[in-house]
Amino acid sequence: MIMTANNPSISFRLQQELAEAEAALSRKRMELREASEKHATGLTDAVSMGNIETEKVSIVLEITTISGNIANLRSAISRMASGTYGKCLRCGTGIANKRLLAIPTAALCRPCQETLESLPNQ
Ligand SMILES: [Zn+2]
């Protein structure tokens with residue numbers, strides 16, 4: 001029996017984290033647009049141009065991270081809706097409550113996660 005799967009506080013937490021991540025994503029997209037506009041005005045010297053490029057790269061990296069979080073959160077929320085939340089996607093075993101409380105988006109049990117992490121990157 002997987003108690004955490006029906007835990008409303010986890011569901012609430014996922015929804016809240018999703019809302020926060022989406023807000024952060026639109027802020028970052030706006031920052032990226034502003035950086036691109038600064039670039040487009042052509043009034044900047046080479047040094048500030050370089051700074052803008054560096055800034056853009058770091059914003060893009062942040063956007064990538066946030067988008068990944070959003071995907072994980074959405075997938076956890078949809079697993080919750082379909083009743084498969086809390087079950088390992090790989091072996092089907094119930095994921096430990098402690099693990100879900102620490103990582104609400106966990107889709108794998110710890111042994112499967114560790115197995116995957118020990119595999120060489122493709
Ligand atoms: Zn597993």
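The points that follow cover the overall fold, the helix pair, selected residues and the database annotations.

The model is predicted. The protein contains four helices and zero strands, and its elements run α-α-α-α from the N terminus on. The radius of gyration is 20 Å, well over the 14 Å that the globule rule gives for 122 residues, so the protein is more spread out than a compact globule.

**Overall dimensions and burial**

- Taken along the principal axes, the C-alpha atoms of the protein fill a box of roughly 65 × 35 × 20 Å.
- Among the 122 residues of the protein, 14% count as buried.

**Packing of helices α1 and α2**

- Two packed helices are described by the angle between their axes and the distance between the axes.
- Helix α1 spans residues 8-41 and helix α2 spans residues 46-82; the two pack at an angle of about 160°, and their axes are 8 Å apart.
- Angles over 145 degrees count as roughly antiparallel, and α1 and α2 are therefore roughly antiparallel to each other.
- The crossing of α1 and α2 is left-handed.
- The residues in the contact of α1 with α2 comprise 18 nonpolar, six polar and 10 charged.

**Selected residues of helix α1**

- Glutamate 22 is located in helix α1.
- Glutamate 34 and lysine 56 are 22 residues apart along the chain, and their C-alpha atoms are separated by 9.6 Å.

**A selected residue of helix α2**

- Serine 67 is found in helix α2, and with 13 other C-beta atoms within 10 Å this serine is partly exposed.
- From C-alpha to C-alpha, serine 67 and alanine 24 are 9.8 Å apart in space, while in sequence they are 43 residues apart.

**Annotated regions**

- An unreviewed UniProt entry annotates residues 11-38 as "coiled-coil region". In the model, residues 11-38 are 100% helix and 0% strand, and the end C-alpha atoms of this span lie 41 Å apart.
- The annotation "domain: Zinc finger DksA/TraR C4-type", from an unreviewed UniProt entry, covers residues 83-117. This span is 40% helix and 0% strand, with its end C-alpha atoms 26 Å apart.
- The annotation "zinc finger region: dksA C4-type", likewise taken from an unreviewed UniProt entry, covers residues 88-112. Over residues 88-112 the model shows 36% helix and 0% strand, and the end C-alpha atoms are 8 Å apart.

Note on methods
Residues are numbered from 1 along each chain as its sequence is written. This is a predicted model: local features need pLDDT of at least 70, side-chain atom pairs count only at pLDDT 80 or more; totals for chains, interfaces and linings use all residues. Axes are lines fitted to C-alpha atoms, for helices over the stretch in contact, and angles run from 0 to 180 degrees between N-to-C directions. Angles under 35 degrees count as roughly parallel, over 145 as roughly antiparallel, 65 to 115 as roughly perpendicular and the rest as oblique. A crossing is left-handed if the near helix is turned anticlockwise from the far one by less than a right angle, and right-handed if clockwise. Ala, Val, Leu, Ile, Met, Phe, Trp, Tyr, Cys and Pro count as nonpolar, Asp, Glu, Lys and Arg as charged, and the others, Gly among them, as polar. UniProt positions are given in the numbering used here, feature names are shortened, and annotations may be inferred rather than shown by experiment. A residue is buried if 20 or more other C-beta atoms lie within 10 Å of its own, exposed if 12 or fewer, and partly exposed in between; C-beta atoms are placed from the backbone. The radius of gyration is taken over C-alpha atoms; the globule rule is 2.2 Å times the number of residues to the power 0.38.
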